[in-house]
Amino acid sequence: MKKVLVVDDSLSVARQLEKIISESGDFTCAGHAKNGAEAIKMNHTEDPDIICMDMNMPGMDGLTALRSLVVLDKDVKVVMVTSLGGVGDKFTEALKLGAKNVISKPFDSDTVLQILRQL
Amino acid sequence: MAVKFFGQYLVENNLVSRDALLQAIELQDQKNLKLGEMALSLGYLSQADIERAHNAQMSKDMKLGDLLVEMGIMTSEQLNDVITHQKNTHLYIGEALVQVGALTPDQLQQHLAAFKLDQALYVTDKIELPAAIANSTIWEMTADLTYKMITRVLDLQFRPGKCELISAPRTAFMMAAMDFSGDVEARYVISVSENLQKQVAKAILREETVDNEPVEVLEDTVMEFVNVVCGNVAAKASQMGKAMEINPPLTIKQSDPGLAVPPGYTGLLFPIHIDDGDTMELKLFIKN
């Protein structure tokens with residue numbers, strides 16, 4: 001079963017994603033980091049297959065963490081989660097920095113799982 | 001389920017690969033000339049003129065085209081000509097995907113039709129603002145998208161009230177806010193009653209009951225709703241040619257200065273009458 005690390009400063013979004021992941025049957029939740037710096041640490045300790053990460057977080061934001069993660073760990077697949085997914089420039093910037101896809105908010109479980117299963 | 005741009009819709013639905021989209025965007029970057037580059041190619045100015053205007057732009061909050069006219073480098077007619085050329089030669093993402101071989105012209109038409117259908121839910125209805133307000137179409141769209149998200153995300157039935165000007169907003173059980181910056185500046189505020197906060201939390205957490213949830217989780221769900229609406233507003237605004245940045249959401253307490261409409265701002269109130277008799281409020285503090 002693939003392990004997914006959830007990275008979001010919002011407790012409610014983390015809860016939504018953890019629920020979708022744990023009820024999917026083919027993914028398991030590797031934990032919850034509250035910012036980019038925690039994500040980098042937990043990527044090392046928990047070794048997830050996929051990271052679902054918010055773009056806007058206090059402290060180290062998602063795009064800054066993404067830059068480091070793709071250098072530090074060539075195997076990990078990062079999907080950004082953001083309400084700004086529909087802003088073309090933001091979506092493109094995330095892909096250019098190495099994100100595999102972007103999940104727009106509001107999301108539904110089918111879309112999240114479809115994107116995770118494509119990886 | 002959100003406001004999207006076409007490239008995102010295609011990648012999300014696995015209709016083109018991420019790498020093909022990046023290739024098409026690279027092609028767009030090569031082919032779509034910026035205003036200065038187009039003016040240069042039409043012989044209206046020199047590279048030195050562009051650099052002079054860019055330097056002047058550091059101390060002036062003006063678009064390059066307007067500045068070039070103000071500095072006497074180009075005439076208004078030449079500026080209009082440059083903009084027309086940019087529009088006429090613009091390579092759209094769908095065409096770029098055809099050119100890099102990721103889509104056939106037939107597939108492009110088929111996917112465009114499906115995309116338009118998907119996004120039709122977010123087409124803005126006309127909302128009347130009470131006064132002459134700068135960028136009024138952006139704020140009408142903001143109110144309209146808020147209504148649409150209340151239906152789609154919170155699953156609440158409601159009737160929008162008449163928009164009015166306010167100077168001192170009423171207090172509420174809880175208020176969550178987000179600041180917009182960029183081409184337009186404003187504070188977006190949603191206020192809810194205790195009962196509505198629980199309804200928002202149930203919808204966001206997808207739980208039957210939230211009676212045992214801690215206060216910070218309940219507040220976080222209202223902030224998340226604000227975040228979702230404002231991100232989609234920024235996406236829609238970018239399609240309308242306005243760049244809007246969003247800042248992290250925050251809660252406003254009764255004693256906070258953030259409660260009042262700041263000097264130099266116009267306050268708008270949009271009452272939202274929920275079917276069970278409760279009222280949610282959307283407030284916009286717009287920089288004049």
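The model is predicted: local features need pLDDT of at least 70, side-chain atom pairs count only at pLDDT 80 or more, and totals for chains, interfaces and linings use all residues. Residues are numbered from 1 along each chain as its sequence is written, while chains are lettered from A and ligands numbered from 1 in the order in which they are written.

**Confidence**

- The model has an ipTM of 0.90 and a pTM of 0.82.

**Where chain A touches chain B**

- Contact, taken as C-beta atoms, placed from the backbone, within 7 Å, joins 31 residues of chain A with 33 residues of chain B.
- On the chain A side, at least two residues each come from α1 (11–22), α4 (88–96), β5 (101–104) and α5 (109–118), and α1(A) gives the most, with six residues.
- This side of chain A comprises eleven nonpolar, 14 polar and six charged residues, where Ala, Val, Leu, Ile, Met, Phe, Trp, Tyr, Cys and Pro count as nonpolar, Asp, Glu, Lys and Arg as charged, and the others, Gly among them, as polar.

**Chain B**

- Chain B holds eleven helices and eight strands, these being DSSP runs numbered from the N terminus (helices H or I, at least four residues; strands E, at least two).
- The C-alpha trace of chain B spans about 65 × 45 × 30 Å along its principal axes.
- Of the contacts in chain B with a separation of 6 or more, 63% are between residues 24 or more positions apart.

How values were computed
Two residues are in contact if their C-beta atoms, placed from the backbone, lie within 7 Å.
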